[in-house]
Amino acid sequence: MLAMNYRGPYRVRADQKPEPVIEHPGDAIVRVTRACICGSDLHLYHGLVPDTRVGHTFGHEFIGIVEEVGSDVHKLKVGDKVLVPFNVFCGSCFFCQHELYGNCHSTNSQSTAVGAIYGYSHTAGGYDGGQAEYVRVPMADVGPMIIPDDIHDDDAVLLTDALPTGYQAAEMGDIKEGDTVVVFGAGPVGIFAAKSAWLMGAGRVIVVDEIEYRLEFVKNYAQCEVVNFKEVRDMALHIKKMTDWMGADVCIDAVGCEAAGNTMQTITGVYTMMQAGAATVLHWCINSVRKGGNVSIVGVYGPTFNAVPIGNALNKGLTLRMNQASVRRHLPRLIEHIRAGRIDPKAIITHRVPLEEVSDAYHIFSSKLDNCIKTILIPPRANEVRAVKASIAA
Amino acid sequence: MQTRNDIVSANDQHDGDHAPGEHDNDGHVGHVHGAIAPRRPTRAQLAHIQGWGADLDRKDRPGVPMERTPPRFINVPDGDPAPQEEHVEVLVSTERPGRTPLFGTVQPPSGLSGMIRRQAFKLTENDVRHWLLLLVADRVNMVEGIGEDLASGKIPNVLAEMGIKAEFQHNKAGLAKKVALGVAVVGTAVYLMKRRR
């Protein structure tokens, strides 16, 4: 099958690989019809995530058609069209029992610091991802959701990560009516976090980034204020001036470890990897939020350590909340929002690229070329009608 | 007791020159407030926001409270998953009692990078050397990957893998700068080497 193939930092290509097989009775094999490139895939692409092995196939945002199921799969059947949350989870461990599906303890042998994620290095479990024609989906009765007929495929694929993560970012901010919410990052997750902040009753939403076309997009899409941090001398000071010297009630980090905006952080966090990524946005969040405010972190950082002003967080009495999104528990409510027209996820999609051109797709997304916001990869067999296996079975 | 709406109306009265959505320029010196308090726009001022307040009530937020049991919205399996059979080497964190019931099997450790990874997995995740060794292994693995390509008769097209076609299509100026920079670096290196001789 054709699959994205990681060859080293900044190097990926589409290659032929063996098709995945059922390895556990709870597995399914899904033929991918759409897969996104996520902003967090760029951390892998840039070689920043430990234990990212050559040959790995990325992709934790994908939908597809069930092609084969293991002997213990009873809820899904061949031919079902499913969206697959990015979390690989069992549904029965302590954490899954508490709806923390992003923190499952039964699917990742190689790390306790992170749950399992499709196509996100061996630190996240060593599962190949969905930027391929086929993908192995463990615990198929638990994780995947059959896509309702009235939900567009482009909306469905954004329900696998970007939208739930943005929504959870706002949710973890514990937004109260009238709150001022600052979202750092105008990528897909930041865009959805801004949109979600309004749903939760924010009084003011401000999005910060340096990419003008993204700021322009989010200003219109999420009806928010925007700030280009390149035009600001000091981010925390600017936010305080914007908020009558109080600071924001809630700050959201939707950027993570490759933040621009502070040369020293970039040198120590990205170029020399002396810390687990540039903690620029963590600084901005902690120093821009008001005393007693909330900081919500969904931007991804590495597993080692970061230099952050934790003393300020203490002295300001902040609440810091963070997690990988627990996608599955958000889906029913988010589907209601889509049906009600409150959110139009597919509107953020700017690029559709054949999987064969994955190298260019990554470069465009990584370098923010061609006004790229969200890229969808289309595998060659995405639109194949399932006639071959059916005719063999007959 | 002062409610949020009281704060809003108080702020509206004495700070009416700031409409919601407006913000100061960086050079703005601000106001001196007797009692600084967050400004809160009224619901009427927010009425134009699509979907505003749909999840204002916390019971509509699926992640509140953060931990809920029993789990909703999934088919809860009967008991733990059966253990997956191990056909390839899977490294296991020392911070676990053993393999998890389910695990990924792709790209098992191999070669020099595999040896380094095995060493890394003798250390705990709490030990930073664990992660640093894995990063070293990743870089070694990258070189091994080029070797594998060559061994299988394939010369990796590194520029294509890095998306040079897209760079040419969408960022010709950037590409020209990179080429110029590359030529300058190589030219300087050649010049310095020649001068030493």
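Helices (H or I, at least four residues) and strands (E, at least two) are taken here as DSSP runs and numbered from the N terminus. The model is a predicted one, in which local features need pLDDT of at least 70 and side-chain atom pairs count only at pLDDT 80 or more, while totals for chains, interfaces and linings use all residues. Residues are numbered from 1 along each chain as its sequence is written, and chains are lettered from A in the order in which they are written.

**View 1. The helices of chain B.** Chain B has six helices and zero strands, and its elements follow the order α-α-α-α-α-α from the N terminus. Of its 197 residues, 24% are buried, a residue being buried if 20 or more other C-beta atoms, placed from the backbone, lie within 10 Å of its own.

**View 2. Helix α9 of chain A and its surroundings.** Because eight of the nine residues of α9(A) (residues 280-288) are buried, this helix is largely enclosed by the rest of the structure. The buried residues are T280(A), V281(A), L282(A), H283(A), W284(A), C285(A), I286(A) and S288(A), and they pack against elements of chain A that include β10 (180-184), β13 (248-253) and α10 (310-315).

**View 3. The side of chain A that touches chain B.** In all, 86 residues of chain A are in contact with 82 residues of chain B, contact requiring that two C-beta atoms, placed from the backbone, lie within 7 Å. Among the elements of chain A that give two or more residues to this side are β1 (2-8), α4 (162-172) and α12 (358-366), whereas the largest share, seven residues, comes from α11(A).

Definitions and conventions. A residue is buried if 20 or more other C-beta atoms lie within 10 Å of its own, exposed if 12 or fewer, and partly exposed in between; C-beta atoms are placed from the backbone.
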